[in-house]
Amino acid sequence: MKIKVFQYILAGLLTLSLSACGADNRSVKEMDTKRADQNITLEVLNPKVEISTEFEQMVKEYEKENPNVKLNILTFGGGANYLAELKARFAANKGPDIFPNGGYEEAKAWKRYLEDLSDQPWVKNVVDEALEPMKMDGEIYGMPVNLEGYGFIYNKDLFAKAGIDTLPKTLSELKAAAEKLHSAGITPFAVGYSDSWFFILMLNIAFAQQDDPDAFIQALNDGTQSIEGNKKFEDLTRMLDLTVQYGNKDFLTTDYNTEVSLFATGKAAILKQGNWAQSKIDQITPNMSIGFLPIPINDDARNDALPVGVSNNWAVNKESSPEKKKEAKKFLNWMVSSEQGKTFMKDQFHFISAFKNIETDRSGPLVDDIIRYTKEKKTLTWNWFKFPSRAREEFGYAMQAYVGKQLNRDQLLQELQKSWKKAEQK
């Protein structure tokens, strides 16, 4: 505040001095223009709809500390395709200054827009594995948002009511649990298949259960392996069949928000989501007794695992002005190094931290289960960002057609293989 007062006094003295000398006021106008030019507006595309309110609160704190900066936040997620929004904005030369990128193939596809962030202070604090998605040619092009895990979230009270004493870890055991819930008058699964994006996370299970997921993906790329005839993908369809058989009947018109609401209000016992749903569940029913189950696609022992990985990464638009890029980097550093930023990450966002200098909030049962599975080394890899981006978009629609009985099992696997092959040829 004292600095501002001093600036105003200085400006006033300078004006008087110039007037006294008979000079015009062009110099003063130039100073005012320069001061105005220092005001910077950044556009940020936030893909984490579940923390939209908290994220904007954090931004306001940053703006208080940096009064020359205005951050316009566009939240685009929760089933909405933020990639389509990004493509439209960049095509119109209106790309945001900070935007999400999943890494791997997505990073390669967007590399022309990615600023090199290798020299940023936050890099030294990142858990090593969390840098991998955005690492290309030894350089770092994105800051990890957080770590996340997903699976079947289950209502412990409804499981007890149905007499389920042993938690299911295989497909046969999950089917037996669904039958018990159904017999007790409880809808087993809350199913929202109007959003195609979560099919990709379920499809990931079949990739993650390959003996070597990366080698399998490379073999798909060079044509020596195929999704058709691969048992893991056949197994996956049987798990999808189970959710449809024992889920809410309007599953094709049920979206993410409705699906979570069905579960959080006790109208269904199992929800296929990740720890990102914790905040929305808490808003509807605080202190709900819940936990994670794996998503089993067969009776193999490796089903007892949760997929855990980097949810997304913050990228800085390489085509933004130097001033905006400088301020964007400053904001990202503030988010993960300042006391206020770290407090929001832990206590407001409830993130599983990808940073060694930020604690993870352990108050939520879903986070606790993910950390327990991780410590026990019972995790599966995240692979969908390694898919060709065009194929990833088509996969969701094909699986939507399958659960809607427009495709049978063989036709689905054929469509998945065609999409991959077609994307690789472009």
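These questions and answers walk through helix packing, backbone angles and aromatic pairs in a predicted model.

Reader: At what angle do the axes of helix 3 and helix 13 cross?

Author: Helix 3 covers residues 52-65, and helix 13 covers residues 322-337. Their axes come within 11 Å. The crossing angle is roughly 115°.

Reader: Are helix 3 and helix 13 roughly parallel or roughly perpendicular to each other?

Author: Angles of 65 to 115 degrees count as roughly perpendicular. The axes of helix 3 and helix 13 cross at roughly 115°. The two helices are therefore roughly perpendicular.

Reader: Is the crossing of helix 3 and helix 13 left-handed or right-handed?

Author: The handedness describes how helix 3 passes helix 13. This crossing is right-handed.

Reader: Which residue of strand 12 forms an aromatic pair with F55?

Author: F55 lies in helix 3, and its partner lies in strand 12, residues 313-316. The pair is stacked, with 5.7 Å from centre to centre and 25° between the planes. It ties together parts that are 259 residues apart in sequence. The partner is W314.

Reader: What is the angle between the planes of F349 and F351?

Author: F349 is buried at 6% relative accessibility. F351 is buried too, at 7%. Their rings form a tilted pair, 5.2 Å centre to centre. The angle between the planes is 55°.

Reader: Is helix 16 roughly parallel or roughly antiparallel to helix 17?

Author: Helix 16 spans residues 389-403, and helix 17 spans residues 409-425. Their axes are 9 Å apart, at an angle of about 170°. Angles over 145 degrees count as roughly antiparallel. That makes helix 16 and helix 17 roughly antiparallel.

Reader: How many residues of the contact of helix 16 with helix 17 are charged?

Author: The helix 16 side is R390, A391, E394, F395, A398, M399 and Y402. The helix 17 side is R409, L412, E415, L416, S419, W420, K422 and A423. Nine of the contact residues are nonpolar and one is polar. The charged residues number five.

Reader: Is N287 buried or exposed?

Author: N287 lies in the loop between helix 12 (278-284) and strand 10 (290-293). Its phi is near 60°, a positive value in a residue other than glycine. The relative accessible area of N287 is 76%, and over 50% counts as exposed. N287 is therefore exposed.

Reader: What is the relative accessible area of H350?

Author: H350 sits in the loop between helix 14 (339-348) and helix 15 (365-375). It is not a glycine, yet its phi is positive, at about 55°. H350 is partly exposed, with a relative accessible area of 35%.

Conventions. Residues numbered from 1 in each chain as written. Predicted model: local features only at pLDDT ≥ 70, side-chain atom pairs only at ≥ 80, totals over all residues. Heavy atoms only, no water. Axes fitted to C-alpha atoms, helices over the stretch in contact; angles between N-to-C directions. Helix = DSSP H or I, 4+ residues; strand = E, 2+ residues; numbered from the N terminus. Parallel < 35°, antiparallel > 145°, perpendicular 65-115°, else oblique. Left-handed = near helix turned anticlockwise from the far one by under 90°. Buried < 20%, exposed > 50% of the residue type's maximum accessible area, 1.4 Å probe, protein only. Contact = heavy atoms within 4.5 Å. Nonpolar A, V, L, I, M, F, W, Y, C, P; charged D, E, K, R; others polar. Phe/Tyr/Trp six-rings, centres within 6.5 Å; stacked < 30°, edge-to-face > 60°.
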